[in-house]
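Good morning, and thank you for making the time.

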Amino acid sequence: MESVEFSRYLSMLTLSVHVVFATVGVGVPLFIMVAHWLGLKRNDDHYLLMAKRWAHGYVISVAVGVVTGTAIALQLALLWPRFMEFAGQLVALPLFMETFAFFFEAIFLGIYLYTWDRFKNPKHHFYLLAPVLIGGAMSALFITSVNAFMNTPQGFAVLNGELTNISPLLAMFNPAMPTKVAHVLTSAYMTAGFILASIAAFHLVKGNRHEYHRKGLALTMKVAFVFTIATALVGDLSGKFLAEYQPEKLAAAEWHFETEGEAPLVLFGVLTETNEVKYAIKIPYALSFLVHSNFTGEVTGLNDIPEEYHPPYIIHYFFDIMVSIGIGLMLLSLVYVIGLKFNWSIIRSKVFRWGLVASGPLAMVAIEAGWWFTELGRQPWIMRGYMTTAEGATTSPYVWAMFIAFAVLYFILMVGTIVVLTRMFRKNPVENEIEKIREKGSVAV
């Protein structure tokens, strides 16, 4: 195996681990803020305790995310030195701003955690969550803009192999940036909601009927439902973007070989060695309508794109996984929200609650599938139209050793995180903390 392949696998491993903590880091502050706001508005200690407990768990995730995020920055230089040498001046601005946004978020998170009951007006303590939420969102914006630049590079000219007329701002606000950032943010809020909901549902399934878990489940499922819709709407815009700027990625995702109007949407199925699609569900006209908003719009097929620029056709499966889970979670949360309003007994059944328990892990699987679809769909380019992945990679023969070292590091981090979070909350069950609140009359640390 060559260095470029080890570099790709190591980058994929790092991204797959980091996206878990990055998604939590971006999404959970919204739920802390909503819970804290409800606690103050209704004078309800349950919601205030949710904000406090979620914030404590969130700190652990942020700490591990720093390690994996640093690994990504390190690997950009070590694994892709030619890309950084060529495009470093263009992506340095968002990389720097991402660091600034993270520190902005972390500083106010620390102040928030250690100032419970320190303010005469509790609303002032609540206001500290605004920079935490904004910092997390801005961090996602800046780092995603780098990935967007790799898909639709702009903001420079090439003269005799050298970059000229460099505009970092134009590079950052490239055509892929709006839809990618919107998709990352909405899916992060959606996924964080289902993760927190699955924890609350797990306690209910295990027989803990405490009001805290019921309120937590209702809150997180309502917000998650809103963001399933938002994610679907942004996903539709992303499809239209791909049709215009990256038709090869859209065609590979849909196994669409012939350029034609009235194109069907291909779901599931198997692709044979002769590129024949079998056992798929084909929805007539749907692909044309999704990307052009009319049923006869022409969709470019892979046969009209040079074969050396075709992404791996395996991205069809990742696309199917992402979309299928997204639709399933939307229906699950829709049933829950309607059932809660009309007091349906089904949402309190054990089977349905096990479905809620599964929603968190499934949402994270969808996030992983989405990123694998995005990154594999960009191949063979590391910087579309200018540099292939092979051209940007290191030639060092020792990448395999790095792969093993980082794999061990990530394993330790993942196991350690699970152990720390589990012990943290087992030693401080909700019942004990509620009792302390009643004794002290407030949610103090």
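Helices (H or I, at least four residues) and strands (E, at least two) are taken here as DSSP runs, numbered from the N terminus, and on that basis the protein chain has 15 helices and eight strands. Please keep in mind that this is a predicted model, in which local features need pLDDT of at least 70 and side-chain atom pairs count only at pLDDT 80 or more, while totals for chains, interfaces and linings use all residues. Residues are numbered from 1 along each chain as its sequence is written, and side-chain values use heavy atoms, with hydrogens and water left out.

As to overall dimensions, the C-alpha trace spans about 70 × 45 × 35 Å along its principal axes. Of the 445 residues, 49% count as buried, meaning under 20% relative accessible area, where exposed is over 50% and partly exposed lies in between, with a 1.4 Å probe and protein chains only.

Turning to Met-383, if we take contact to mean heavy atoms within 4.5 Å, this residue touches Phe-83, Phe-86, Ala-87, Phe-149, Met-150, Pro-153 and Phe-156, leaving aside residues up to four places away in sequence.

Asn-275, in the loop between β4 (270-271) and β5 (277-278), has a positive phi near 60° and is partly exposed, at a relative accessible area of 34%. Tyr-285, in the loop between β6 (281-283) and α10 (286-292), has a positive phi near 70°.
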